[in-house]
Every structure is written in structure tokens, then in C-alpha cells.
Amino acid sequence: DPAVPAEPLLRFRSLAARSRGARGGAGAETQVGNDLGSPEPLRWLLRSPFDRNVPVQLELQELLLDHVFQRLGVSSQGCVDHPIVLTEAVCNPLYSRQMMSELLFECYQVPKVSYGVDSLYSFYHNRRQNWPCSGLVISSGYQCTHILPVLEGRLDAKHCKRINLGGCQAAVYLQRLLQLKYPGHFAAITLSRMEEILHEHSYIAEDYTEELQKWRCPEYYENNVHKMQLPFSNKLLGSTVASEEKQEKRQQQLRRLQELNARRREEKLQLDQERLDRLLYVQELLEDGQMDQFHKALVELNMDSAEELQSYINKLSLSVEQTKQKILQSEVNIEVDVVDSKPETPDLDPLGSEQSLEDVESINEFEPLFAEEQPEVEKPVAAVQPVFNLAEYHQLFLGTERIRAPEIVFQPSLIGEDQAGIAETMQYVLERYSKEQQAILVQNVFLTGGNMMYPGLKARIQKELLEMRPFQSSFQVHLASSPVLDAWYGARDWAVEYTNREEGWITRKDYEEKGGEYLKEHCASNVYVPIRLPKQAPRAAEAAAPSRASGTGNPGEQA
């Protein structure tokens, strides 16, 4: 059908960031999904409507739905006139479904909605002709891992199990490992890079202990270690400018400072001279006997007496003289003569010129002896500076971290979690059934979810099943064709098949009559467990109870 898209029209992370508005400027700005760009600068502002995989903050969920309907181009006015297929958590709390139904029916006025489990949609999409309708679904996502038994096409919710570990915890564990290994690159080892390393470089070891022993071999380490280059700048920490250029720059800065100081001194001298002239003029008024004008001038200057005026005049005169001397000193150019380092030869004694030939010959005889004792002139050796490769310093070497981070799904104790791993939980679920049902379930062990894409994961599950199953028993393990998108493909296939049916759809009438927690079951949905309130005792019985308690013993009154 050309009207049905083959691929999702919109993909984004369910995150939102509400930045604080600037003071005196625009209000707070909210960014959703792909509008965030890189999440690292806004890590402390990021908010998600989910706690684990259960929506708990409906305000953020409304922001995400507004973003979805706006980007998909929903043109209906005042409502969303389209049926909605929505995934929910396994054994989703009734309160969460009630709030989501209230949001969809009351806020968006949708005609009908259907709820399903993402891993069951993936199981539904990967059905084949020879596949049985029963199986054991192992789903591992960003926050949780689920073990879901499916019998005859329906989820057995009583024996579902959840492990509170997923890709998020693996990324945090890998970040801690590398930050301890490379403390100099603490800020560069971000969660986004750790998720990239998990997707591109990590794998599941079939035998974890044996694989660690292999990594102890230097040859195995050299052949299998992965190097990741961190961003860096080519500018070295030390300055590479030559000493002459540095000296020239310092001299230029010194000249600028001298010019600036000279300009400031001239401005200060001018202001002090003007103030001194004014004070001298006021003093002349006193000497001329113009007392009225003298007292007015003192009031304008905030002075009380002639002594205070004379004190200010003396201080200003001294300051003006000192400033003039500093200006004169700064204008003097001190020339430094470069003195030759070679010592001057002293004048010879005039008597030395009259040495005899015999004295000269005797000196020449001792010249070879003195020549041997003279130290040889050392040749200048070029200083060899150690070459520092900045690119190699900013490299991460991924060795055993490639297997240690994803191993937490099988061994949660590596990060201190008191939980069972996938193998123990899978064995526990299988033991809840009879041997015949166990044989049926293990014939179709289905792996789905983004955290199931590690190389070697399927072989590890097969090894664990081989250890826990009886001798010579058979089992089959299948991996989803697209572990991340198969949930969407399955929901699309189900919606196309059941669009014109009533099965699985909750209408507005059902919502108004049976409440927001109501669920219509289908092949990929949860099991609906209605709320059972305790029955209240009749009012007549409640009224009779106190009368019996306060009876006087008269049989007629008690009757």
C-alpha cells in the first residue's frame, strides 16, 4: 500500500530541555528531540517523561506529542483525527495508562487508541510460516531487560520478569572504567561517546573468564585492542615563538605602557595645575583684602579657614613638582652601549721588546708541553628536544572494556547490583512451567531490542541454554531482523491489519464508560487486570452491629 510508509517518518530521542530565559530578555525556550543537537552541553537540563520505561511526567509527554504531531503535519484543527497505536511497558501500571488515555482523549480528541508492548510487536513482525506461536521473548532496551513467555500467541503476564539493567547502565559503567584509566581526559569521556563505543566496538564474550585470560597475552592485546581518537588542538602548551620575537613583543608592550603612563601623568599634571591656579587666585583675594569674595570662594571649595587653604596649596605644589620630574625622566632616552666581551690586550712592557733570541727559543721549547695541557674547545651541540605526539596522548585504548561493559546484563554484580542476570532469570522463568511447556518455549527464543545487537550475544544465549537444558534436548535462538525498528514495523503491520476491526481499539465511548485504565487485549498487548475494589458492607448491617454490641441481654431487644 503506497499510503503506508515503509520506514518511520520521524525518529528522535524522547528528551526535552527547557533553558532558563535571560534576565530582561525572552522567556524560557524548550527544545525537543533532534532540535537539541548534541546532548552533552545540555546534559544537566535534559528531562525525560519516563522513569525506567514508564511515563510519569505527563507535561513532558505532552511536549513530545506536540512535537510529533507538528512534525508529521497533522492538519486537523483543534484535535488529532487519527487513530493512535502506542507502546507501553510490560505490565504497565494502571495509573500510567489512565493518565496517557486522559491525555490522548481529552487533550488531543483522538477517535481511538491501542496499546501494545514493543517486544511483542517485534515478535509479531518476525513471525514466519514455520514459526510456532509460542516462544520466550528476551527484550533488552535502554533502561530494562524483560523475559516474556508467550504461549499460543498470548503473553503470560504472571511469569514475566524484569531486570533493571540496559544500555544506559552499560554506558555509565564504561564511562567510569575509562575515566579511571584516563584521568587526564575526564571531561572528554562523555556518555555520548560511550554509547558510540558500545555500538561500534563492544561485543559479548561467549566465555567471560576465558576471554579475560586471552587479553592477558600481549600478542592478543596488540591484535585486538581498538584505538579511539579524542579531539585535540595542535597548539602546544608551551609557546613556540622564538626568544627574539618574544623579546620584541615585550619591548613593544613596554613602550605602549610607557606612552600610556606618560599620557596619564600629563593629564594629571594639567588637572593639578588648574586646581593650584584656582587656589592661588583665592589666596590673592585674601592678600588683597577682598574678604567677602574670599569667604564665598572658601565655601565653594568646602574649606573652613585660610590655614586649610594654605595646606592644600602646599600639597598641590609638591604633587605638581613631582609629576614634572617624572615626565622629564620618562622623556630621557637611556642608551645602553653594547660592550665587547673580548678583554682588551694590556700594553706590553717596553723592556719586553728587547728580549734576546735565546729567551724566545727557550719559550718555544716549552710550548708543546703547555699545548697538551690546554683543554680542547668544546663544539656546540644542538639541543635535542623530545618529540611529544599530542595525537597519541589523546587516544583511548579499548581492551577488556570492550567485553566488561556489556557483560553486566549477564553479571549485574560487576556494578554492585543485587539482581540476577539474563541466564539465571531465563532459567527461573522456564522452571515455572512443565517440561512439555519448557520444550515448546525454548524452540523459539527470540532476541529483540537495541541492547541485543552486540556481536556474540546470540552465541552466548545458546551456550547458556545448552548448560541449563537437559542432555540432547533441542532449542532454537532467533535474533530480530532489525532489533531497534522491528517494534515499529510490527505496530505498523498490526495497525494496517486491524484498522477496520474493533479488536484491540479503545474508543472514546469505552474511555468514558470504563475509565482511562481500560485495555482491550490483542496479540501484542498486555493482559488487562481491572481494579477490584473491596465490597462495602450494607448500611443496615453496619447500623445493626453497634446495637448488638450494646445489647442488654434481653432476647426481645436483641432480636
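This is a predicted model: local features need pLDDT of at least 70, side-chain atom pairs count only at pLDDT 80 or more; totals for chains, interfaces and linings use all residues.
**Aromatic pairs**

Over the whole structure, a search finds nine aromatic pairs. Begin by selecting F105 and Y511. The ring centres of these two residues are 4.9 Å apart and the planes meet at 15°; planes under 30 degrees apart count as stacked, so F105 and Y511 are a stacked pair. Now colour the helices that carry them: F105 belongs to helix α2, residues 94–107, and Y511 to helix α18, residues 508–514. Because of this, the pair ties together parts that lie 406 residues apart in sequence. Both F105 and Y511 are buried.

Select W488 and Y489 next. This aromatic pair is edge-to-face, with 5.7 Å from centre to centre and 75° between the planes.

Then pick W215, Y220 and Y221, which together form one aromatic cluster.

**Charges over rings**

Show K112 with W505. The charged end of K112 sits over the ring of W505, at 4.7 Å from the ring centre. Move on to R460 and F410: here R460 lies over the face of F410, and the distance to the ring centre is 4.3 Å.

**A serine in helix α2**

Go back to helix α2 and select S96, which lies in that helix. S96 has 6% relative accessibility; buried means under 20%, so S96 counts as buried. What does the side chain of S96 reach? Draw a distance to the backbone oxygen of P55, and the value is 3.3 Å. To see the surroundings, show V54 as well: with neighbours within four places in sequence left aside, S96 is in contact with V54 and P55.

**Helix α5**

Finish at helix α5, residues 191–201. Its buried residues are L191, M194, E195, I197, L198 and H201. While these side chains are on display, recall that an α-helix has 3.6 residues a turn, so residues three or four places apart point the same way.

Conventions: Residues are numbered from 1 along each chain as its sequence is written. Side-chain values use heavy atoms; hydrogens and water are left out. Rings of Phe, Tyr and Trp (its six-membered ring) pair if their centres lie within 6.5 Å; planes under 30 degrees apart count as stacked, over 60 as edge-to-face and the rest as tilted. Helices (H or I, at least four residues) and strands (E, at least two) are DSSP runs, numbered from the N terminus. Buried means under 20% relative accessible area, exposed over 50%, partly exposed in between (1.4 Å probe, protein chains only). A charge sits over a ring if NZ of Lys or CZ of Arg is within 6 Å of the ring centre and within 35 degrees of the ring normal. A polar contact is a pair of N or O atoms within 3.5 Å; within protein, one must be able to donate a hydrogen and the other to accept it, and residues adjacent in sequence count only if both atoms are side-chain atoms. Contact means heavy atoms within 4.5 Å.
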